[in-house]
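Dear colleague,

Please find below the structure that I am handing over to you. My notes on what was found in it follow.

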Amino acid sequence: VTLELMEKLGAYCDVLIAVWDGKAAKGKGGTAEIIDYAREQQCPIIIISSLDPQQIAFDFNKELPFEPVQKLISLTSAHTNVDSIKSAIKNNFGEFYREENQETQFVGTARIEKLKNYLLPLFALADLQAMRSKRIFENTGLIVYALSFLAVTTILIAVIFHLNHLVAFIIEFILLLSILLIIKTANQKGFHKNWLANRFLVEKLRSTVYLFVAGVPLEKLSLRQVNKKQREHYGWAIDAYNEIKDQLNQINSFEKNNKSVNDINNYIKSTWIDGQLNFQKKYAAKNTNWNLNLEKGGVWLFRAALFLAGAHIISCYVRNNGFQFTQFEEIMTLITLLLLPLAAAFDGIRNQREFSRNASRSESMIQILTDLKEKYEAVDTTEEFYKLLRETDTIMLQENQDWMLLMQSSELEVKP
């Protein structure tokens with residue numbers, strides 16, 4: 001009977017739930033022997049004490065195959081080599097935890113292992129997928145603007161230089177059709193939605209790392225916290241987070257941090273708050289520079305078009321007085337007319353990337369984080385500290401959702 005039970009355990013058991021007194025088996029096929037066999041098979045185990053049913057232990061030798069998490073893994077693994085994933089995990093581990101750093105010595109062994117072997121690999125996978133989707137989405141936008149500019153250029157050249165209009169119209173048709181197909185393909189592949197969903201998951205997991213390291217029980221991310229459109233965009237990411245949260249809370253249930261709040265507080269301030277402050281400052285500067293450069297570029301292109309239009313008027317006056325500059329005028333006309341759609345493309349890219357509003361959001365977030373840091377420095381009690389951790393998590397989630405709402409409107413669309 002025991003052999004048959006073990007064979008079925010290895011073939012069919014996804015999770016073993018055992019009621020056990022913790023003692024060695026008294027004979028062949030005892031509970032202890034079955035549990036040892038399950039461990040050999042790397043079967044997840046939940047042990048309920050027969051002496052005290054309130055005591056429940058978890059022994060998950062491998063992670064359960066949750067569907068949303070598997071979706072994340074399959075999405076990333078299909079497009080990313082193993083070395084890139086390993087490098088990302090190593091870099092992320094160095095960001096959140098350094099063995100030589102005295103501020104992280106309070107972190108327990110089980111917590112470190114879960115961080116290194118479970119949470120950070122998923123964090124890295126979501127981060128890599130977000131970066132890939134963002135890169136494809138942004139490059140798609142640039143290609144669409146470039147093809148639009150080429151379509152306008154083709155028609156202007158044909159009209160101004162009296163070339164074969166039929167050929168020009170065929171080229172224009174092909175370019176416009178290419179734009180339509182590119183946008184449709186990008187939307188069907190869901191690059192924009194994948195970028196937003198994975199970036200949402202990354203930023204939520206970033207907060208989760210700090211809460212987990214600090215030993216704070218993680219709360220379920222309720223669907224009431226997002227609107228219907230957000231749910232459509234990254235509902236699977238919410239489900240994935242909740243499943244990851246359940247895995248991490250198993251560590252929180254039996255391993256507590258015994259160090260003082262001051263140790264954890266110093267870690268949170270130096271890594272989470274200061275890290276986010278540095279990021280937001282760089283992000284604000286980057287978006288401000290891009291916004292100003294594209295805005296100035298558009299203005300200078302318009303000024304150049306205005307200047308060439310004036311030069312064209314002068315050339316017409318000169319030509320009427322006996323000088324012939326017909327070809328020169330044609331070239332000036334072409335350049336003048338091309339400068340305007342080029343300026344419009346600059347403005348379109350600036351608006352699609354939301355450089356101005358993202359810079360403003362970062363400036364506001366810098367002030368919020370500065371105020372948070374002052375609160376951490378003023379914390380006196382353990383209760384105040386953990387309450388402030390919850391407040392910080394809420395602020396980060398709200399900032400994440402605000403960014404999502406802003407960037408949802410940047411999806412490429414073909415409108416009549």
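The largest pocket holds about 980 Å³ of space. A pocket here is, on a 1 Å grid over the protein atoms alone, an open set of points with protein on both sides within 12 Å along at least five of seven lines, and a cavity is a set of points where a 1.4 Å probe fits but cannot get out; lining residues have an atom within 4 Å of a point. Grid points are joined across faces, edges and corners, and a volume is the space filled by probe spheres set on the points.

Please note that this is a predicted model, in which local features need pLDDT of at least 70 and side-chain atom pairs count only at pLDDT 80 or more, whereas totals for chains, interfaces and linings use all residues. Residues are numbered from 1 along each chain as its sequence is written, and side-chain values use heavy atoms, with hydrogens and water left out.

The lining of the largest pocket comprises 40 residues, and Lys 134, Arg 199, Glu 203, Phe 279 and Tyr 283 are those nearest its centre. At least two lining residues come from each of H5, H7, H9 (261–319), H10 (326–352), H11 (355–377) and H12 (382–408); helices (H or I, at least four residues) and strands (E, at least two) are DSSP runs, numbered from the N terminus. H9 supplies the largest share, 12 residues.

Helix H7 (191–213) is mostly covered, with 21 of its 23 residues buried. Buried means under 20% relative accessible area, exposed over 50%, and partly exposed in between (1.4 Å probe, protein chains only). From first C-alpha to last, H7 reaches 32 Å, close to the 33 Å expected at 1.5 Å a residue; the expected span is 1.5 Å times one less than the number of residues. Gly 215, with a positive phi near 80°, follows H7.

Ser 207 lies in H7 and is buried, its relative accessible area being 3%. Leaving aside neighbours within four places in sequence, Ser 207 is in contact (heavy atoms within 4.5 Å) with Trp 272, Asp 393 and Met 396. The C-alpha atoms of Ser 207 and Met 396 are separated by 7.3 Å, although the two residues are 189 apart along the chain.

Helix H6 (residues 165–189) has 25 residues and spans 36 Å between its first and last C-alpha, close to the expected 36 Å. Its buried residues include Ala 168, Leu 175, Ile 179, Ile 183 and Ala 186, and the elements covering the buried residues of H6 include H5 (109–160) and H7. At the start of H6, a side-chain oxygen of Asn 164 comes to within 2.9 Å of the backbone nitrogen of Leu 166. Gly 190, which follows H6, has a positive phi near 70°.

The structure also holds 1 cavity of 30 Å³ or more. The largest cavity has a volume of about 40 Å³ and is lined by Phe 137, Thr 140, Ala 186, Asn 187, Phe 191, His 192 and Leu 412. H5, H6 and H7 are the elements that give two or more residues to this lining.

Finally, strands E1 (residues 16–20) and E2 run parallel and are joined by 5 bridges; two strands pair if DSSP finds at least two bridges between them. Trp 20 stands opposite Ser 49 in E2. In E2 (residues 45–49), 4 of the 5 residues are buried.

With kind regards

Methods. Polar contact = N/O pair within 3.5 Å; in protein donor to acceptor, adjacent residues only side chain to side chain.
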